[in-house]
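Me: I want to learn how the words used for a model are backed by numbers. Can we take them one by one?

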Amino acid sequence: MIRERVAAAAAARAPEPFVSVDDRMICLVRLVLAASALAVIYVDPSEPDRLVGVTYAALALYALYSAAAYAASLRAGAQPFARVAHWIDVACYLVLVSLSSGTSSVFFFFFFFPILIASFGRGFAAGLRVAVWSAVLFTAVGYATAPRGASFELNRFLLRPVYLLALGYMMAYWGGAEIQLKRRLALLKEVNALTNPRFGVGHTAVSIMRRVRAFYDSDACLLLLHGANREDDGFQLLRATRPAGGGDEDEVESVRVPAELAAQFLTLPETLAVVYNARTRPWQPRDACYFALDISTDERTDAGRAESDALAALL
């Protein structure tokens, strides 16, 4: 029966989260940056020009931290403190900037590293947050610790935060686009791999629903089935909802619905595939919230908009 198949599918473990970048590579690059900085300021000691001993000590500690993180990644196969590693890097670079020449510090260029990590590892929003906070904190700390008088370089003080924001935004955008594309490809691969009649209708349907709901990070995913098995010619409504209490498994339920209620979900033409979003901002164009594709002609169409509005209100 469909209900037993749904229950069996719900017991399956959720897929592992998507990973975009190699943690060991990140730790290795961090170690190379720290070691290169030590070597450069040793070969050319013109900077840091004050608190030289403290700056060397701070950079050496950062190099030791980088080496320890790389060794841990080799053993565990993952970056330690992965969720906050880029923020730790930002904090370390702020310390190095404050100990050197403020907004004119050579360590300014290190800030692009955590922006890259956040962007290509966690997406656009995370990368943009790191870029904005890096620019704000670098400006504040750099101005507070910069040399006064003729040594203060106003052009660098004004331009470096702008560079950080502009290039940081581009990195965040490209990183988010790469992650979104790979997640879409992974979803298509999983859905195609699950389409196997040996699994049964219930198992296949619930597995696909779980992955679609997780991909869109939605609260629920609904699927209406007609004649799911030979013994029953009625309608079954499957509903996969977000796990309660932060669990790993979607809560799945299956209920019979009368034909009158099912008909309200089946108002769109069978050849039409629709993506519909609520228009939450007045300045959003309608085309940005509605996309319909006629799969019989493989062409975009504006049909079905009224039916989609009614269906969204019903949901």
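Reply: The largest pocket has a volume of about 1,700 Å³. This is a predicted model: local features need pLDDT of at least 70, side-chain atom pairs count only at pLDDT 80 or more, and totals for chains, interfaces and linings use all residues. Residues are numbered from 1 along each chain as its sequence is written, and side-chain values use heavy atoms, with hydrogens and water left out.

Me: What makes a space a pocket?

Reply: On a 1 Å grid over the protein atoms alone, a pocket is an open set of points with protein on both sides within 12 Å along at least five of seven lines. A lining residue has an atom within 4 Å of a point. The volume is the space filled by probe spheres set on the points, which are joined across faces, edges and corners.

Me: Which residues lie nearest the centre of the largest pocket?

Reply: Val212, Cys221, Leu222, Val274 and Leu315 do, out of 29 lining residues. The lining divides into 22 nonpolar, three polar and four charged residues. Here Ala, Val, Leu, Ile, Met, Phe, Trp, Tyr, Cys and Pro count as nonpolar, Asp, Glu, Lys and Arg as charged, and the others, Gly among them, as polar.

Me: Why are helix 5 and helix 6 called roughly antiparallel?

Reply: Their axes cross at roughly 165° and come within 6 Å. Axes are lines fitted to C-alpha atoms, for helices over the stretch in contact, and angles run from 0 to 180 degrees between N-to-C directions. Angles over 145 degrees count as roughly antiparallel, under 35 as roughly parallel, 65 to 115 as roughly perpendicular and the rest as oblique. Helix 5 and helix 6 are therefore roughly antiparallel. Their contact residues divide into seven nonpolar, two polar and one charged.

Me: Where is Asp294 found, and which residues does Asp294 touch?

Reply: Asp294 is found in strand 5 (residues 290-294). A strand is a DSSP run of E, at least two residues, and a helix is a run of H or I, at least four, numbered from the N terminus. Asp294 touches Thr271, Leu272, Glu299 and Thr301, leaving out residues up to four places away in sequence.

Key:
On a 1 Å grid over the protein atoms alone, a cavity is a set of points where a 1.4 Å probe fits but cannot get out, and a pocket is an open set with protein on both sides within 12 Å along at least five of seven lines; lining residues have an atom within 4 Å of a point. Contact means heavy atoms within 4.5 Å.
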